[in-house]
Amino acid sequence: MFHGTYIQQRIQKANQLREQQANPYRNDAIRTITNKAFLQKYHFLKENPESSDNHTQSNIQAQSQTKSQIESQTESIVGRLKFMRMMGKACFLKIEDESGVLQAYLSKDDLGEETWHIVKKILEVGDIVNISGFAFVTKTQELSIHAKSFKILTKSIVPLPEKFHGLTDVELRYRQRYVDLIVNPSVKEVFVLRSKIISYIRKFFEEKGFLEVETPMLHPIPGGANARPFITHHNALGVDRYLRIAPELYLKRLIVGGFEAVFEMNRNFRNEGMDHSHNPEFSMIEFYWAYHTYKDLIALTKEFFAYLLQNLNLPRKIPHADGEIDFDEWRVLGYQESLIDIGQIPQDVVQNCAKLRAYLESKHIVLEANMNYGQLQDVAFSEYVESKLINPTFIVDYPIEISPLARRSDVDSSVADRFELFIGGKEIANGFSELNDPLDQYERFMAQVRQKDAGDEEAQYMDEDYVWALGYGMPPTAGEGIGIDRLVMLLTQSKTIKDVILFPAMKPTKTESQEIAQSQKAQKIDANTTLTSTPQRSKQ
């Protein structure tokens, strides 16, 4: 597996450590301080105590400590070696831990012959090290640690990418995210911000009185969204199960049960294509709020974004393409109105199913033969409207045909009390007043089943238990889902969803495909052997 001249040379150096009775993979790290904390704690050493302005706290602190006192304060750091410069019997290292980079000064006189041999002959960029010493400032005024002792904790046998070019192969960055994180500091910053975003999402809803819950990820019936599911098999029960495409139907069962405000930070799985804004495994928050409407959700969503921007110290205007997204410019727009005003489709075409189909076909858009009016509008919206919605825009009054779980409008039964939020040309959230009429829900599911029978693989399944739950009575409720990955893309100004998912789905390489095939073949052989070799139990 580990081939190549440089790798073999590194393996030999790891073996040299073993020959010197030094484990190249030690487990005795000692750390008293992080790199960032070290730089903060001893920053006062960089200021000149003899400066004319000698009244600062730092100067007072420096004057109060002698050189011997500083040298007696031993600190221990750990981290990965990112740079190394030998200078005869001394060397300078750049050590990086999660908090930042710190320079270390090592000398033969301080470390002794045996340790110096390891530094000079075995140590390489990429190794993880442990250094103990004291703080000092170099002639170039760089705060550093002067090593009293040194050891290699982990010997790296695979060289890091060349310093000046780094890991520039985009596909390789996604496949080997661990290397990407090592050599590209800005990547780590994105995922630190992602973690903060998720933390603030949870805090926001908790502060609003929502209860965090957990619902199943293996479903007997996939539901809650129009999407193709991943199918797996439960051996003990002898039945197929589906990876969750959405937690919606389970969360609404909880509303039936008496909870009035719930949310779930969840992972969903949809067996669909991949592009810059889609990954088959993705993160969402879904929340349900009894005795509220979709209009209440619109107000809550505006408040949610204001909360995030404030707590993350982000501006209310962020760059986007050749312009910007202005979070002070929110608007609400009707679905058909958007097709006419933004999509520039004639009104008489938008309002007539046959004309709309003819219009789309005249634009060489491929359509399924059995598409209904709502689905045709959805195609037109995706084609001519969505990418133009840059500032935050709530599109409301969705066609009822593409809203099987949403409540019908009291004003127009052909549309749903539903919205989708678009920012930067992408859907960020989907919310609606929930359908709580069990008879209407049953008929909607039946319509979905007919669509599935007609060949629509994304149509929803019938879930009779959910309909039965509605029969007990679900209070008027509003629910919403927000895509966390797309939200992070937006707030970090990332161009692809792969940049905000640590390990995005990737098409297997040729080698990986061969390894997968061999593994699956071995599993089949093992399964057959187990089945044929298992003794039959005697009947009691």
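Biologist: What is the average pLDDT of the chain, then?

Modeller: The average is 90, and 91% of the residues score at least 70.

Biologist: How should predicted coordinates be read where pLDDT is low?

Modeller: They should not be read in detail.

Biologist: OK, helix α1. What span should its 15 residues have?

Modeller: At 1.5 Å a residue, α1 (residues 5-19) should span 21 Å, and its end C-alpha atoms are 21 Å apart, so the two agree.

Biologist: Which residues of α1 are buried?

Modeller: Ile7, Arg10, Lys13, Ala14 and Leu17. They line one face of the helix, because seen down the axis of α1 they fall within an arc of 115 degrees. On the other side of α1, Thr5 and Glu19 are exposed.

Biologist: What do the buried residues of α1 pack against?

Modeller: They pack against helix α6 (113-122) and strand β5 (143-154). Just after α1 comes Gln21, with a positive phi of about 65 degrees.

Biologist: Changing topic. Which residues touch the most other members in the largest nonpolar core?

Modeller: That core has 45 residues, and the ones touching the most other members are Ile201, Phe205, Ile285, Phe287, Phe304, Phe305 and Leu487. Helix α11 (residues 294-311) supplies the largest share of this core, nine residues. There is also a second, separate core of 29 residues, with Ala22, Phe38, Phe44 and Ala135 among them.

Biologist: Back to Ile285. Where does it lie, and is it buried or exposed?

Modeller: Ile285 lies in strand β11 (residues 281-290). Its relative accessible area is 0%, so Ile285 is buried.

Biologist: And which residues does Ile285 touch, not counting those up to four places away in sequence?

Modeller: Ile201, Phe205, Phe263, Glu264, Met265, Asn266, Glu480, Gly481, Ile482 and Ile484. Asp397 is 112 residues from Ile285 along the chain, and their C-alpha atoms are separated by 23 Å.

Biologist: What about Phe287, leaving aside neighbours within four places in sequence?

Modeller: Phe287 has contacts that include Phe205, Phe210, Val262, Phe263, Leu297 and Leu300. Ala478, Gly479, Glu480 and Ile482 are also in contact with Phe287.

Biologist: What does UniProt list for residues 191-508?

Modeller: An unreviewed UniProt entry lists that span as "domain: Aminoacyl-transfer RNA synthetases class-II family profile". In the model, residues 191-508 are 35% helix and 24% strand, and the end C-alpha atoms lie 24 Å apart.

Biologist: Which residues does the UniProt "binding site" annotation cover?

Modeller: Glu420 and Glu427, again from an unreviewed entry. Glu420 lies in strand β16 (residues 415-423), and Glu427 is in strand β17 (residues 426-433).

Biologist: Why does Glu420 count as buried, and how does Glu427 count?

Modeller: Glu420 has a relative accessible area of 9%, and buried means under 20%. Glu427 is at 25% relative accessibility, so it counts as partly exposed.

Biologist: What do they touch, residues up to four places away in sequence not counted?

Modeller: Glu420 touches Thr393, Phe394, Ile395, Tyr398, Glu427, Ala429 and Asn430. Glu427 touches Glu386, Glu420, Leu421, Phe422 and Arg486.

Biologist: Last one, helix α10. Which of its residues are buried, and what covers them?

Modeller: In α10 (residues 248-257), the buried ones are Glu248, Leu249, Leu251, Lys252, Arg253 and Ile255. The cover includes strands β10 (261-269), β11, β17 and β18 (477-483), along with helices α16 (438-453) and α17 (464-471).

Biologist: What follows α10?

Modeller: Gly258, with a positive phi near 120 degrees.

Notes:
Residues are numbered from 1 along each chain as its sequence is written. This is a predicted model: local features need pLDDT of at least 70, side-chain atom pairs count only at pLDDT 80 or more; totals for chains, interfaces and linings use all residues. Side-chain values use heavy atoms; hydrogens and water are left out. pLDDT is the predictor's confidence in each residue, from 0 to 100. Helices (H or I, at least four residues) and strands (E, at least two) are DSSP runs, numbered from the N terminus. The expected span of a helix is 1.5 Å times one less than its number of residues. Buried means under 20% relative accessible area, exposed over 50%, partly exposed in between (1.4 Å probe, protein chains only). The arc is that of the directions from the helix axis to the C-beta atoms. Contact means heavy atoms within 4.5 Å. A nonpolar core is a set of buried Ala, Val, Leu, Ile, Met, Phe, Trp, Tyr and Cys residues joined through side-chain atoms within 4.5 Å. UniProt positions are given in the numbering used here, feature names are shortened, and annotations may be inferred rather than shown by experiment.
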